[in-house]
Amino acid sequence: MTTGFATLPPSADFRLTRARAPRCLVEAGGLAADRDGLTLVDIAVEAGRIASILPAGTEGLPGGPAFDCDGGIVLPRLVDCHVHLDKGHIWPRRPNPDGSFMGALNSVMADREANWSAGDVRARMDFGLRCAFAHGTAALRTHIDSLGKQIGISWPVLAELRAEWAGRIAIQASPLFGIQFALDEGHVRDVVAAVKAHGDRLFGCVTYMIPELDAALDIVFRTAIENGFDLDFHVDETNDPAARSLEHIAEAAIRHRFSGKILAGHCCSLALQEPEVEARIIAKVLEAGIAVVSLPMCNMYLQDRAPGRTPRWRGVTALHELKAAGVPVMIASDNTRDPFYAYGDLDLIEVLREGTRILQLDHAGTDWANAVARTPAAIMGLEGRGTLSPGGPADLILTRARDWTEFFARPQADRSVLVGGRAIDTTLPDHRELDHLKGMRAGPGAP
């Protein structure tokens with residue numbers, strides 16, 4: 001068992017002294033920030049909750065047990081708003097043959113048809129949750145492949161895991177299917193029934209530029225309105241500038257006067273539009289109240305890949321421009337060791353580090369920590385998550401890094417994670433635990 005570098009007092013009441021926290025994530029007044037947007041504070045913990053956050057060294061505070069953070073960065077436990085627990089860890093039996101998007105799509109389809117029993121899905125989803133928890137994730141939203149027989153297999157498993165993990169990770173789920181299936185009344189009925197029985201008032205799909213796109217979107221929005229669902233879309237995950245389904249989603253939201261939350265993921269082709277087209281689409285996104293999540297690691301892996309050719313762009317959306325316009329923006333993990341992304345571990349510290357490099361967030365303001373904390377918590381409706389707040393839970397990630405260059409230079413593998421003020425075991429599950437799944441059928445056309 002390992003609890004990271006920090007040796008905390010055994011008492012339920014203690015102080016973390018000389019901690020640096022991103023000012024954008026601290027709900028307390030009277031705090032000054034340095035050039036990195038970090039503020040030096042003392043955090044009092046009482047009975048598993050944050051009692052106070054005050055400038056470091058504030059006079060007149062009571063004594064008692066304390067841990068000196070020595071200037072190390074402290075974060076709230078983080079929020080991952082776009083993952084695929086049900087796809088995770090199938091790479092060993094079904095790798096992507098060429099690293100392409102279509103290679104990923106076909107590989108997952110074959111593996112799902114051949115292998116995704118309730119036991120298989122449960123084992124891989126639980127493994128992913130244990131990874132996320134050990135890394136310091138407080139909440140996540142997973143997409144659930146919702147086609148045919150899989151609807152009746154994966155959704156009950158999701159509901160069981162949500163109940164089992166309550167108090168450790170808050171889990172939400174959104175259905176995932178191609179927009180063309182919205183035209184199938186029976187399919188929509190089956191998915192709505194699964195969401196009502198096992199879900200979280202979330203509905204959504206993958207949008208493509210099909211001829212019936214607007215008609216299908218009308219069905220999706222009407223379904224959401226009639227059932228009180230929020231919406232979550234996979235959007236324009238391509239380097240084709242002709243892919244503008246994000247604009248169609250925004251127009252549909254405005255047309256239907258949709259008042260629920262909408263999250264759009266990927267939106268890769270937005271970054272390849274002419275400037276005036278990009279500005280027009282972003283204006284509609286803002287008017288429609290759509291939030292956008294970029295998946296930097298997965299999109300850099302898949303986008304602009306061609307045999308023997310060096311990629312020319314990083315695959316990510318126009319996140320800076322969206323944020324500058326006032327659109328809520330986030331970054332998240334996406335896929336983990338499956339044909340859509342061969343790597344990853346549901347570690348939001350890694351996502352923030354790599355996202356900073358890929359999206360060049362480092363010279364674009366000091367509030368990007370919001371993108372894995374406050375902002376996704378808000379779009380997921382998770383009150384009290386993603387911030388450091390007096391009265392809130394003492395759910396924290398402690399690191400030894402004293403500024404962002406130290407923080408991003410290393411993976412912070414020795415971090416300590418606190419849940420309810422107590423350090424958890426941060427030992428990661430061994431990939432060998434999933435070896436028994438490798439022997440399952442690889443599906444048609446497997447190498």
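This is a predicted model: local features need pLDDT of at least 70, side-chain atom pairs count only at pLDDT 80 or more; totals for chains, interfaces and linings use all residues.
**Overall build**

The chain holds 12 helices and 17 strands. Its radius of gyration is 22 Å, close to the 22 Å that the globule rule gives for 447 residues, so the chain is as compact as a globular protein of that length. The C-alpha trace spans about 70 × 50 × 50 Å along its principal axes.

Burial comes next. Of the 447 residues, 56% count as buried. The accessible surface comes to about 17600 Å². Carbon and sulfur atoms own 52% of that surface. Contacts were also counted by sequence separation. Among those with a separation of 6 or more, 80% join residues 24 or more positions apart.

**Open pockets**

| Pocket | Volume | Lining residues | Helix giving the most |
|---|---|---|---|
| Largest pocket | about 510 Å³ | 19 residues | Helix 10, four residues |
| Second largest pocket | about 390 Å³ | 22 residues | Helix 1, five residues |

Asp36, Asp362, Trp404, Thr405 and Phe408 lie nearest the centre of the largest pocket. Two helices, helix 10 (348-358) and helix 12 (404-409), each supply at least two residues of its lining. By class, the lining of the largest pocket has six nonpolar, five polar and eight charged residues.

Leu105, Leu176, Val206, Tyr208 and Phe340 are the lining residues nearest its centre. Its leading contributor, helix 1, covers residues 101-115. The lining of the second largest pocket divides into 11 nonpolar, six polar and five charged residues.

**Enclosed cavities**

A search of the whole structure finds three cavities of 30 Å³ or more. The largest cavity holds about 60 Å³ of space. Several stretches of the chain line this cavity. Val83, His84, Leu85, Gly88 and His89 are among the lining residues. Arg124, Gly128 and Cys131 also belong to the lining. Asp334, Thr336, Asp345 and Leu346 complete the list.

Helix 2 (residues 118-135) gives the largest share of this lining, three residues. By class, the lining of the largest cavity has four nonpolar, five polar and three charged residues.

Notes: Residues are numbered from 1 along each chain as its sequence is written. Side-chain values use heavy atoms; hydrogens and water are left out. On a 1 Å grid over the protein atoms alone, a cavity is a set of points where a 1.4 Å probe fits but cannot get out, and a pocket is an open set with protein on both sides within 12 Å along at least five of seven lines; lining residues have an atom within 4 Å of a point. Grid points are joined across faces, edges and corners, and a volume is the space filled by probe spheres set on the points. Ala, Val, Leu, Ile, Met, Phe, Trp, Tyr, Cys and Pro count as nonpolar, Asp, Glu, Lys and Arg as charged, and the others, Gly among them, as polar. The radius of gyration is taken over C-alpha atoms; the globule rule is 2.2 Å times the number of residues to the power 0.38. Buried means under 20% relative accessible area, exposed over 50%, partly exposed in between (1.4 Å probe, protein chains only). Contact means heavy atoms within 4.5 Å. Accessible areas come from the Shrake-Rupley method with a 1.4 Å probe; for residues, only the protein chains shown count as cover.
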